[in-house]
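Thanks for coming. Please have the structure open.

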Amino acid sequence: MNTRIARHQRGFSLIVVLVLLIVMSILGIAVLRSSAMQERMSANMRDRSLAMQAGESALRFAQDQVLGVAADGWDKKVPVVADCAATSICPPDRPPFDVVWRQAPTLTTGGVQTTSEYWIQYLGTGPGYKGSCDTIPQSIDCQSPMFRITVRSPAGINTAGRAVVTLQSTIASRIPTPGT
């Protein structure tokens with residue numbers, strides 16, 4: 001009688017093992033998909049971080065350019081369209097779709113080279129901060145030229161479209177306008 005029961009149980013244990021094998025395979029596939037998704041997310045985070053670092057570097061470079069060109073006479077004149085192509089200092093009414101992007105120096109971070117682009121827009125004059133504007137009480141007509149810098153930076157030279165960061169900053173020149 002025991003041999004009869006044993007024969008029936010052999011087939012049942014095979015079915016149980018096959019069901020467990022299928023369940024384990026589904027769990028393994030789910031874990032693989034999850035780890036692949038996490039790897040893509042971490043790569044995107046890395047790309048965004050590299051693009052942000054390169055963008056901040058280009059923004060600092062462009063700020064130094066603005067502060068340097070103010071000494072070249074930008075405190076005394078309003079730029080025209082020709083200046084945009086020649087010096088990257090654009091007039092206030094320059095349409096954003098017709099911008100001449102200038103390249104910032106190449107930045108190497110974590111073994112990845114990134115070349116960012118920037119353009120500078122003259123905004124007019126605003127409250128002065130340096131020079132004769134440092135006197136107390138400050139003159140009511142103390143004004144300095146103001147500029148808006150727009151930077152766009154990819155994650156790397158060969159990673160077009162993976163991560164692009166755009167930054168903007170508005171700064172006032174250190175040189176007050178004439179008559180202040």
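Start at aspartate 47. Leaving out residues up to four places away in sequence, aspartate 47 touches Ala155, Arg162 and Ala163, where contact means heavy atoms within 4.5 Å. Aspartate 47 sits in helix α1; helices here are DSSP runs of H or I with at least four residues, strands are runs of E with at least two, and both are numbered from the N terminus. With a relative accessibility of 2%, aspartate 47 counts as buried. The classes are buried for under 20% relative accessible area, exposed for over 50%, and partly exposed in between, with a 1.4 Å probe and protein chains only.

Before going on, the ground rules. This is a predicted model, in which local features need pLDDT of at least 70 and side-chain atom pairs count only at pLDDT 80 or more, while totals for chains, interfaces and linings use all residues. Residues are numbered from 1 along each chain as its sequence is written, and side-chain values use heavy atoms, with hydrogens and water left out.

Now the confidence. pLDDT is the predictor's confidence in each residue, from 0 to 100. The protein averages 76, and 70% of the residues score at least 70. By element, the lowest mean pLDDT, 73, belongs to helix α2, residues 81-87, and the highest, 86, to strand β7, residues 164-172. For residues 176-180 the pLDDT is below 50; this stretch has 19 contacts in the model beyond near neighbours in sequence.

The overall layout is brief. There are two helices and seven strands, and along the sequence they run α-α-β-β-β-β-β-β-β. The protein has 180 residues, of which 33% count as buried. If you take contacts between residues at least 6 apart in sequence, 62% of them join residues at least 24 apart. The accessible surface is about 11,600 Å², and 60% of that belongs to carbon and sulfur atoms. Those areas come from the Shrake-Rupley method with a 1.4 Å probe, and for residues only the protein chains shown count as cover.

Next, charges. Side chains of opposite charge can pair when their charged atoms come close. The rule for a salt bridge is a side-chain nitrogen of Lys or Arg within 4 Å of a carboxyl oxygen of Asp or Glu. How many salt bridges does this rule give? The count is two.

One brings us back to where we began: arginine 46 bridges to aspartate 47, with the closest N and O atoms 3.9 Å apart. Arginine 46 is partly exposed at 41% relative accessibility, whereas aspartate 47 is buried.

The other joins glutamate 117 and arginine 152, with a closest N to O distance of 2.6 Å. This pair links distant parts of the chain, since glutamate 117 is in strand β5 and arginine 152 in strand β6, 35 residues apart. Glutamate 117 is partly exposed at 23%, and arginine 152 is partly exposed at 33%.

On to the rings. A pair of aromatic rings is described by the distance of the centres and the angle of the planes. Rings of Phe, Tyr and Trp (its six-membered ring) pair if their centres lie within 6.5 Å; planes under 30 degrees apart count as stacked, over 60 as edge-to-face, and the rest as tilted. The structure has two such pairs.

Phenylalanine 61 and tyrosine 118 are edge-to-face, at 5.9 Å centre to centre with 70° between the planes. Because phenylalanine 61 lies in helix α1 and tyrosine 118 in strand β5, residues 117-127, the pair ties together parts that are 57 residues apart in sequence. Phenylalanine 61 is partly exposed at 27%, while tyrosine 118 is buried at 4%.

Tyrosine 122 and phenylalanine 147 have ring centres 5.5 Å apart and planes at 65°, so this pair is edge-to-face. Tyrosine 122 is buried at 6%, and phenylalanine 147 is buried at 0%.

Last, the loop between α1 and α2. Proline 79 is found there, and with 3% relative accessibility proline 79 counts as buried. Proline 79 and isoleucine 89 are 10 residues apart in sequence, and their C-alpha atoms are 6.7 Å apart in space.

That is all I have.
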